[in-house]
Amino acid sequence: MKFYFSSGKRSKKINKKGRKLSKKAVFSGIQPTGNIHLGNYLGAIRNWVNMQDLYENIFCVVNSHAITIRQNPAELREKTLDLACMLVACGISPEKSSLFIQSEVDFHPALAWILDCNIFMGDMSRMTQFKDKSQKNPKNINVGLFNYPALMAADILLYQVDFVPVGEDQKQHIELTRDVAMRFNRDFGECFKVPEPLILESGARIMGLDDPNSKMSKSATGKNHAIFLLDSPDIIASKIKKATTDSNSEIVFDKSRAGLYNLLSIYEILSKKDRGSIEAEFNGKGYGVFKNALSEVVIESLKPIRESYLRLKSNEDYIRKILNEGLESVKPKAEATYNRAKELIGLV
Ligand code: TRP
């Protein structure tokens, strides 16, 4: 797999004297809302798993961000732990990386306040995600939703990381994070490392099965829209069977045939075969044969994740232990950054 940075150079692992150089640090955040689907897995989580050896990784379940949309408290609590189980089931390794829950570290909202006082209304008002989300939730346009990017900036800046893997929709928030970090460093003294977005080359923009023109999403309502990582084999097969395609029967990679292209892309990633051999494999065969093969590879790929998730889910002590260790490993860094920001700005 290749990783592209928007700028900057990849660090060499060993320096001239043969000493190991420390790895670059990465912060990833994911909200505990909705079930994790194949789009989340192939587009993001799988890449996070693969980059664990390359970077020093911090993974954070951002439950404080989740409450910018009204949540049922008991459900939120459960989903937060479920997501932690799911990340570990997908291959986030507690030995290699730190995994923790945002609300366990009070320095996040505390630093967000300091940042708030250094972000201009004009800049914050330009955030397109706020506009989208407030359109979708016209009855709950709360201040936290507006302020969301300041908390996100705090998440990142507390840990002095080099990179933040993000999709297109979060790039604007990273720009804001960079701006406030640079302004703070300039006005008050060096405090924050200015992070860069990490654009992962994966090509995995998985679309909805029922609507191949829109990205697979947690919030879409169609019954056959998304394949969830916890779907049973029967459900997976039935969703794939019903996936939207077209009346042309040739199985080839053709972007203008969005439904088929999406299914073929999923097959390509999971089967690890190249496009030429996939087209040869299904040459002269129809959708039925292809969809069966696709179901099989999706079911086989998700099986170990589902099994591992169910094991973790039934062992809450273990997942809590992982989260506690994650917390202990990240907290000192957050505390040091927060204290420095506090001191620089004159808060006693
Ligand atoms: N806003 C991100 C999203 O919706 C989630 C997030 C919160 C995040 N804090 C973060 C992502 C810090 C990266 C870094 O996808």
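Helices (H or I, at least four residues) and strands (E, at least two) are taken here as DSSP runs, numbered from the N terminus. The model is a predicted one, in which local features need pLDDT of at least 70 and side-chain atom pairs count only at pLDDT 80 or more, while totals for chains, interfaces and linings use all residues. Residues are numbered from 1 along each chain as its sequence is written, and side-chain values use heavy atoms, with hydrogens and water left out.

We may begin with the chain as a whole. Its secondary structure amounts to 13 helices and six strands. The C-alpha trace spans about 75 × 60 × 40 Å along its principal axes. The radius of gyration, taken over C-alpha atoms, can be set against a globule rule of 2.2 Å times the number of residues to the power 0.38. For 348 residues a compact globule would have a value near 20 Å, and the 22 Å of the chain agrees with this.

A residue is called buried under 20% relative accessible area, exposed over 50%, and partly exposed in between (1.4 Å probe, protein chains only). By that scheme, 49% of the 348 residues count as buried. Contact means heavy atoms within 4.5 Å. Of the contacts with a separation of 6 or more, 75% involve residues 24 or more positions apart.

The surface and the charges come next. Accessible areas come from the Shrake-Rupley method with a 1.4 Å probe, and for residues only the protein chains shown count as cover. The chain exposes about 17900 Å², with carbon and sulfur atoms supplying 51% of it. For charges, Lys and Arg count as positive and Asp and Glu as negative, whereas His and the chain ends are not counted. Each charge is placed at NZ of Lys, CZ of Arg, CG of Asp or CD of Glu. There are 50 positive and 41 negative charges, and their mean positions lie 3 Å apart.

The cysteines can be taken together. A disulfide is a covalent bond between the sulfur atoms of two cysteines. With the pair of sulfur atoms required to be within 2.5 Å, the count of disulfides is zero. For C85, the closest cysteine sulfur is in C90 at 11 Å, which is too far for a bond. C85 is also buried, because its relative accessibility is 3%. In the case of C117, the closest cysteine sulfur belongs to C191, and at 15 Å this pair too is too far apart for a bond.

K272, a residue other than glycine, has a positive phi near 60°. Its place is the loop between α10 (258–271) and α11 (275–281), and its relative accessibility of 74% makes K272 exposed. V348, likewise not a glycine, has a positive phi near 45°. V348 belongs to the segment after α13 (316–345) and is exposed at 99% relative accessible area.

S28 sits in strand β2 (residues 25–30) and is buried, its relative accessible area being 0%. Beyond the residues within four places in sequence, the contacts of S28 are W48, M51, I58, F59, C60 and P165. L209 is found in the loop between β6 (196–200) and α9 (233–242) and is buried as well, at 2%. Once residues up to four places away in sequence are set aside, L209 touches, among others, M216, H225, I240 and L263. Between L209 and E328, 119 residues apart in sequence, the C-alpha distance is 41 Å.

K223 lies in that loop between β6 and α9 too, but K223 is exposed, with a relative accessible area of 77%. The C-alpha atoms of K223 and K239 are 8.4 Å apart, with 16 residues separating the two along the chain.

Two helix residues complete the tour. D132 is part of helix α6 (residues 128–136) and counts as partly exposed at 42% relative accessibility. From D132 to K241 the C-alpha distance is 33 Å, for a sequence separation of 109 residues. E343, in helix α13, is exposed with a relative accessible area of 58%. E343 and F27 are 316 residues apart along the chain, and their C-alpha atoms are separated by 24 Å.
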